[in-house]
Amino acid sequence: MAGGHLFILSGPAGAGKGTLRKILFQKMDMVFSVSCTTRSMRPGEAEGRDYYYISREDFERMARCGEFLEWAEVHGNLYGTRKCDVEGVLYSGRDILLEIDVQGARQVKSRKPEAILIFITAPSLDDLESRLEDRGTETQAQLDVRLRNAANEMRSAREYDHIIVNDELLRASEELAGLIERYRDRTPVPSGGN
Ligand code: 5GP
């Protein structure tokens with residue numbers, strides 16, 4: 001039986017992957033994989049839409065039971081993708097998009113080599129810094145952690161199948177949609193595996 005495509009979107013904080021993803025979902029019928037996280041909810045976020053907000057204890061128990069397709073510690077919090085969510089969508093033949101960090105992307109690619117890895121980046125680290133500051137959702141300490149991690153994440157871009165430079169939102173969103181369309185036009189990947 002044919003399955004859906006599994007797309008992974010990664011990139012440093014401030015690269016605009018969340019905004020690009022929201023634009024994408026206005027145009028395309030695909031499923032967003034809602035991750036579990038131990039970080040607290042930000043203003044404007046909703047349980048079950050942006051994340052499932054769970055305790056560290058529950059997260060660690062789920063990890064021990066093998067419930068995650070991938071999980072990682074990012075900026076001091078735990079984030080993970082539940083296996084059953086992804087498998088259910090792929091098996092039904094729909095496409096799914098995971099917005100996860102580079103550690104998680106590596107884990108998924110090793111388990112599901114057919115996953116399509118897309119890296120979103122800003123034109124420069126200076127751009128990232130000013131975008132993060134403008135966003136204003138982080139404290140100075142959280143901002144410092146995210147900026148330090150950003151430099152490392154930028155170095156991982158070469159492991160990805162595609163890199164999109166978010167220099168201009170409309171252009172980058174069209175590039176992303178075009179890329180995904182090209183994969184969707186191809187024969188769907190076989191379902192099954194891990
Ligand atoms: P934020 O706290 O800003 O929502 O996300 C922080 C980082 O965690 C982002 O790079 C985001 O892509 C990543 N992330 C979100 N969900 C997951 C997940 O399920 N697994 C992994 N490995 N990273 C995730």
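Start with strand 1 and strand 7: they pair in the parallel sense over 4 bridges. Strands here are DSSP E runs of at least two residues, helices are H or I runs of at least four, and both are numbered from the N terminus. Two strands count as paired if DSSP finds at least two bridges between them.

Before going on, note that this is a predicted model: local features need pLDDT of at least 70, side-chain atom pairs count only at pLDDT 80 or more, and totals for chains, interfaces and linings use all residues. Residues are numbered from 1 along each chain as its sequence is written, and side-chain values use heavy atoms, with hydrogens and water left out.

**Stop 1: strand 1**

Select residues 6–10, which make up strand 1. Pick I8: L98 in strand 7 stands opposite. Now look towards strand 8, where the bridge partner of I8 is L117. S10 has F119 as its bridge partner in strand 8. Strand 1 and strand 8 also run parallel, over 4 bridges.

How many residues of strand 1 are buried? The count is 5 of the 5, so strand 1 is largely enclosed by the rest of the structure. Buried means under 20% relative accessible area, exposed means over 50%, and partly exposed lies in between (1.4 Å probe, protein chains only). Colour the two faces separately. L6, I8 and S10 are on one side, F7 and L9 on the other, and both faces are covered.

**Stop 2**

Contact means heavy atoms within 4.5 Å.

**Stop 3**

Next, select the open sheet of 4 strands, ordered 4-3-6-5 with mixed pairing. Strand 4 (51–53) and strand 5 (68–74) are its edges; each has a single partner strand, so one side of each is left without a neighbour in the sheet. Neighbouring strands of this sheet are turned by 25° against each other on average, direction ignored.

Zoom in on strand 3 (residues 35–37) and strand 6. They run antiparallel and are joined by 2 bridges. C36 has G80 as its bridge partner in strand 6.

Stay on strand 6 and pick Y79. Is Y79 buried or exposed? Y79 is buried, with a relative accessible area of 13%. Leaving out residues up to four places away in sequence, Y79 touches C36, T37, R39, Y51, F59, W71, A72, V74 and R146. Draw a C-alpha to C-alpha distance from Y79 to Y51: the two are 28 residues apart in sequence and 9.2 Å apart in space.

T81 is also in strand 6. T81 is buried, at a relative accessible area of 0%. Beyond its neighbours within four places in sequence, T81 has contacts that include S33, E67, F68, V86 and L98.

Step back to H75, in the loop between strand 5 and strand 6. H75 has a positive phi of about 50° although it is not a glycine. Most residues other than glycine have a negative phi.

**Stop 2: helix 5 and helix 6**

Select residues 125–135 for helix 5 and 140–155 for helix 6. They pack at an angle of about 150°, with axes 11 Å apart.

Show side chains at the contact. L125, L128, E129, L132, E133 and R135 of helix 5 meet L143, R146, L147, A150, A151 and M154 of helix 6.

Finish on helix 6. Its buried residues are L143, R146, L147, A150 and E153. The cover over these residues includes strand 6 (77–82), helix 4 (102–111), strand 8 (116–121) and helix 5.

Conventions:
Axes are lines fitted to C-alpha atoms, for helices over the stretch in contact, and angles run from 0 to 180 degrees between N-to-C directions.
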